[in-house]
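Hello,

Here is the structure I promised to pass on to you. Please open it alongside this email, and I will walk you through what I found.

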Amino acid sequence: MPIETELSFVDSPAQDADLLAVPFGSELTAEVELPVPVPALLVHHDAKGEPGEVVEVPVSHGDAVRRVLLYGIGDGGPRALRKAGGVLARRARGRRAIDIALPPGAGEAGWAALAEGALLGSYTMRIGAVRARAVEEIRLSGPERARAAVERAEVTARATALTRDLANTPSSEKNPAWLAARAAEIAGREGLAVKVWEPRELAEGGFGGILAVGQGSVSTPRLIQLSYEPEAPAGPHIVLIGKGITFDSGGLSLKPTEGMKFMKTDMAGGAVVIAVLGALRRLGVQARVTGLVAAAENMPSGSAQRPGDVITHYGGRTVEVLNTDAEGRLVLADALAYADDVLEPDTVIDLATLTGAVGIALGRDIGAVYSTGDDLAKELLEAGARSGEALWRMPLIDEYRAALDSEIADLTNVDSANKYGGGSITAALFLREFTGGRRWAHLDIAGVARTTADDGVFTKGATGFGARLLLDWFTAHYA
């Protein structure tokens, strides 16, 4: 279970709770009996009310001592409250329960954000002894109209945690077959149809990109398809596609050691697709949604693809592989071409830890979105702002397309001469070649899919970036 902490909603906080959290600066602080006046206490601690700021006060309760946490909420918006929730959950680690009073005026978006942040701040994954266990139960209290928002937030948070769990699993256990098995388990639990192409079916179907990337590994590749059909379908057919490279050594274009350390998370885009599909029914999404995860392990060996090889993708396009470490676009190309040819979607969105270049361009806090539709880009940017998973729209510069010209094939997989730079842009242009001109967006999440520190709602490792964003987008437009 990705998050072991239970979440419940109650009418009012328990005044005798072992750990009670109340937002300071609100009228709720007047209802809590403290040994000193709240204003004097905040002045003493030089507390400014910033999100994530906590003042802990011991309070006697009979023969016992309980603790009250006065927590800052900043401007009271969702971003601030999401951070506050994460910090409170961390402060409660090792305890049985924490009661958190929701800020009365936060509104549904704010209440949902705090609940989401508290659950995500409780996320842990450790193989072996756990040093600090997550709090067993979080009890949120507030107006009755907050209940539905909190329940939706729990679905989103648990989907994000599932994404993290899949990405954080070591590659000694996680290979394409393992990922397909986990997807099938989730499909069975959430009422999804599942189909998995194994190597023979991939060869018969002409999925040359997935096969080429996986041919150097003893762990054979898979294409995973999950299908969500609502009880009363309404609206378009949407296809989500995720990069599922369960470990990326770079192949014969071998990565340096530092670049390989976090490559168990190179299937983060695929993890998002699996988790999002599993949450759609609980959120009442009415659109028909298909998820594709192109899964392979990119390893060097005597059977690995070589720089200079030419592969034939699904649908017949040929690609000259000049860099085997630009493998994500090769597996995604097969999935995109298949979606266009067979699934006939109205909208296609792919997610991938695709390029190191995007991290240089946008850093570690903002993902990139490329899109052939201004309306789709706008919708995703707005969903990113609401969900706390920010995106920045990047350009599809047609002049850069010449970087992918090959003398012997339809395309090359990289700009080998580095004529234009903009590695994330040329990667997106490569993918566009396989979309069939459909309404399409590409999310390059390489810079935001992992973190090296515990901070706010994040725990060191996979962030789950993309799950909250897409679930917000689905509920805003199709629920």
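Where is Ile-3 found? Ile-3 sits in the segment before β1. Please keep in mind throughout that this is a predicted model.

Ile-3 counts as buried, because its relative accessibility is 1% and buried means under 20%. Leaving out residues up to four places away in sequence, Ile-3 touches Leu-119, Leu-120, Ser-122, Tyr-123, Ala-157, Arg-158 and Ala-161. If you look for Arg-281, you will see that Ile-3 and Arg-281 are 278 residues apart in sequence and 20 Å apart in space, C-alpha to C-alpha.

From there, move on to the sheet. It is an open sheet of 6 strands with mixed pairing, in the order β1-β6-β5-β2-β4-β3. At its edges stand β1 (6–10) and β3 (54–61); each has a single partner strand, so one side of each is left without a neighbour in the sheet. On average, neighbouring strands of this sheet are turned by 25 degrees against each other, direction ignored. The strands β3 and β4 (residues 64–71) run antiparallel and are joined by 8 bridges. To find your place there, look for Val-57, which stands opposite Val-68 in β4.

Helix α4 (residues 147–168) lies across β1 and β6, running at about 170 degrees to β1.

The next stop is helix α5 (residues 176–190). With its 15 residues, α5 reaches 21 Å from its first C-alpha to its last, close to the 21 Å expected at 1.5 Å a residue. At the start of α5, a side-chain oxygen of Asn-175 comes to within 3.1 Å of the backbone nitrogen of Ala-177. After α5 comes Gly-191, with a positive phi near 75 degrees. Which residues of α5 are buried? They are Pro-176, Trp-178, Leu-179, Ala-180, Ala-183, Ile-186, Ala-187 and Glu-190. An α-helix has 3.6 residues a turn, so residues three or four places apart point the same way. The buried residues of α5 pack against several elements, including α4, β7 (193–197), β8 (222–228) and α9 (268–279).

In soluble globular proteins, nonpolar side chains tend to be buried together. The largest core here has 55 residues, and Leu-240, Leu-380 and Phe-474 touch the most other members. Its largest share, 9 residues, comes from α9. Another core lies apart from the largest one and has 47 residues, among them Trp-197, Val-239, Val-319 and Leu-429.

One last residue deserves a look on your tour. Is Glu-389 buried or exposed? Glu-389 is buried, with a relative accessible area of 1%. You will find Glu-389 in the loop between α12 (374–387) and β15 (391–393). A polar atom of the Glu-389 side chain lies 2.8 Å from the backbone nitrogen of Gly-466, and the side chain also reaches the backbone nitrogen of Leu-469 at 2.9 Å. Among the residues that Glu-389 touches, beyond those up to four places away in sequence, are Gly-464, Phe-465, Ala-467 and Arg-468.

Enjoy exploring!

Best wishes

How values were computed: Residues are numbered from 1 along each chain as its sequence is written. This is a predicted model: local features need pLDDT of at least 70, side-chain atom pairs count only at pLDDT 80 or more; totals for chains, interfaces and linings use all residues. Side-chain values use heavy atoms; hydrogens and water are left out. Helices (H or I, at least four residues) and strands (E, at least two) are DSSP runs, numbered from the N terminus. Buried means under 20% relative accessible area, exposed over 50%, partly exposed in between (1.4 Å probe, protein chains only). A polar contact is a pair of N or O atoms within 3.5 Å; within protein, one must be able to donate a hydrogen and the other to accept it, and residues adjacent in sequence count only if both atoms are side-chain atoms. Contact means heavy atoms within 4.5 Å. Two strands pair if DSSP finds at least two bridges between them. Axes are lines fitted to C-alpha atoms, for helices over the stretch in contact, and angles run from 0 to 180 degrees between N-to-C directions. The expected span of a helix is 1.5 Å times one less than its number of residues. A nonpolar core is a set of buried Ala, Val, Leu, Ile, Met, Phe, Trp, Tyr and Cys residues joined through side-chain atoms within 4.5 Å.
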